[in-house]
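Open the model in your viewer and keep the selection panel at hand. The tour goes stop by stop: select, look, move on.

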Amino acid sequence: MSVALIWVVSANTEVFKFYGILDSSRFVLGNRSSIRAKMGAKQDWKSCSLSTHVKYSSVGGSGLGSETKFPVLLSMVANPLGESAVSSEQKVYDVVLKQASLGKKQLSSNGYLDVKRDIILPGNLSLLSKAYDRCGEVCAEYAKTFYLGTLLMTPERRRAIWAIYVWCRRTDELVDGPNASHITPTALDRWESRLDDLFQGRPFDMLDAALSDTVTKFPVDIQPFKDMIEGMRMDLRKSRYQSFDELYLYCYYVAGTVGLMSVPVMGISPESQATTESVYNAALALGIANQLTNILRDVGEDARRGRIYLPQDELAEAGLSDADIYAGKVTDKWRSFMKDQIKRARMFFDEAEKGVTELSEASRWPVLASLLLYRQILDEIEANDYNNFTRRAYVSKAKKLLALPIAYTKSIIRPPRTSPELRKYNL
């Protein structure tokens, strides 16, 4: 394994070094064509590929003017780590409040986040720029629609979102990628230690360097990143979820965390009259909605891997069991069960959409486009007569193209404002 030692300058003017692994991590500088020329077309970069209870829709209340109030998750049962109901619920809520507090502290007088600039020293900024470019290439390859939307953002926000996106992909790859069968809890511990170093300005490779630079510029807390790694640990030791309470916590770990990572970079509109906490709650709801959609889309695929992410108690109430899922037959019981699951996922999407309108103007379109496209997967499951055993629900290119102008229109239309008196009561 070849190791390249590169010197880069951090935003706090301290010089640090990071290592690029040319073999297993595919640390290669340059654009896509030059990379393929160096590595061969068959050895392209593969290390970053992704492979209705309203009380769960947010924590601490919506604050976005919704008719339904969403209380704190008072009924959260013991999570897989054996924590109590209160500590499980409080864990998610505390992370939301902490991240929202960080965002408030770094808002400038005009309502936007103050973004620190790169420290420019000869021979170093270009390396960091190439690291961000590579993150952009990965995003463009695996999330084409979202990538196009990020091009509307300011350069600083765009690059930061790319860096976060790539770290999340790499983390997910640990348990869902080609080497997943070799991943152990120890490997995840090392990945978390590497995350700690990254936040301390000591990145291991070029992609880490991009995120390390990002977290010096935006009020991004490390806890959502650590929680995502905890979600990967759950995948190593757990293949069933007794109730939706347990599943909700898992969805927070592996997907809700992404929203909490992203809001500080996306920015909140200076015209927003919503509380900072409510915007983070909506971001959390979007992550939960996306993960629930993944679960419903991939029932058959997950079952073939020995995993069933559907709540066991709700399956039993519907007269279903693991055996029915392994049999893969669409019955009336299955259709009824799936209708309830889809209804709950849509509720999370609805709650999330209210918060997207509170983001900075340049950030709304890519997020709305992603939300609308992902929500359409639920429509496709219905169109497939709820056969998510042998048929994969996907959104056609024509429907994707149609969703883009719809998302753009929604992104430029602000919701009606409420009076200060009504806002005090979240009305």
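**Before you start**

This is a predicted model: local features need pLDDT of at least 70, side-chain atom pairs count only at pLDDT 80 or more, and totals for chains, interfaces and linings use all residues. Residues are numbered from 1 along each chain as its sequence is written, and side-chain values use heavy atoms, with hydrogens and water left out. Helices (H or I, at least four residues) and strands (E, at least two) are DSSP runs, numbered from the N terminus.

**Stop 1: α8 and α9**

Select residues 223-237, helix α8, and residues 244-266, helix α9. Two packed helices are described by the angle between their axes and the distance between the axes. Here the angle is about 155 degrees, and the axes lie 8 Å apart. Axes are lines fitted to C-alpha atoms, for helices over the stretch in contact; angles run from 0 to 180 degrees between N-to-C directions. α8 and α9 are therefore roughly antiparallel. The classes are: under 35 degrees roughly parallel, over 145 roughly antiparallel, 65 to 115 roughly perpendicular, the rest oblique.

The crossing of α8 and α9 is left-handed. That term applies if the near helix is turned anticlockwise from the far one by less than a right angle; clockwise gives right-handed.

Now show side chains. On α8, the contact residues include Phe-225, Met-228, Met-232 and Asp-235. On α9, they include Tyr-250, Tyr-253, Val-254 and Met-261. Contact means heavy atoms within 4.5 Å. By class, the contact has 12 nonpolar, 2 polar and 3 charged residues. Ala, Val, Leu, Ile, Met, Phe, Trp, Tyr, Cys and Pro count as nonpolar; Asp, Glu, Lys and Arg as charged; the others, Gly among them, as polar.

**Stop 2: from α8 to a loop**

Arg-307 lies in the loop between α11 (299-304) and α12 (312-317) and Asp-235 in α8, so the pair ties together parts that are 72 residues apart in sequence. A salt bridge is a side-chain nitrogen of Lys or Arg within 4 Å of a carboxyl oxygen of Asp or Glu.

Are the two partners buried or exposed? Arg-307 is buried, at 14% relative accessible area. Asp-235 is buried too, at 5%. Buried means under 20% relative accessible area, exposed over 50%, partly exposed in between (1.4 Å probe, protein chains only).

**Stop 3**

A search of the whole structure finds 30 salt bridges. Select these next:

- Lys-217 and Asp-213: a salt bridge of 2.9 Å, N to O. Both lie in helix α7 (residues 206-217), 4 residues apart, about one turn of the helix. Lys-217 is buried at 4%, and Asp-213 is buried at 6%.
- Glu-246 and Lys-238: a salt bridge of 3.3 Å, N to O. Glu-246 is buried at 14%, and Lys-238 is buried at 18%.
- Asp-189, Glu-192, Asp-196, Lys-226, Glu-230, Arg-233 and Arg-237: a linked network of salt bridges.

**Stop 4: α15 and α16**

Select 361-383 for α15 and 397-412 for α16. Their axes come within 8 Å and cross at roughly 135 degrees. The two helices are therefore oblique to each other. The crossing is right-handed.

Among the contact residues of α15 are Trp-365, Leu-368, Leu-372 and Glu-380. Those of α16 include Lys-399, Leu-404, Ile-406 and Tyr-408. The residues of this contact divide into 10 nonpolar, 2 polar and 5 charged.

**Stop 5: the loop between them**

Follow the chain from α15 to α16 and pick Asp-385 in the loop. Most residues other than glycine have a negative phi. Asp-385 is partly exposed, at 36%.

Tyr-386 is found in this loop as well. Tyr-386 has a positive phi of about 65 degrees and is not a glycine. It counts as buried, at 10%.

**Last stop: α3**

Select Ala-140 in helix α3 (residues 125-142). Ala-140 counts as partly exposed, at 21%. Ala-140 and Trp-162 are 22 residues apart in sequence and 9.2 Å apart in space, C-alpha to C-alpha.
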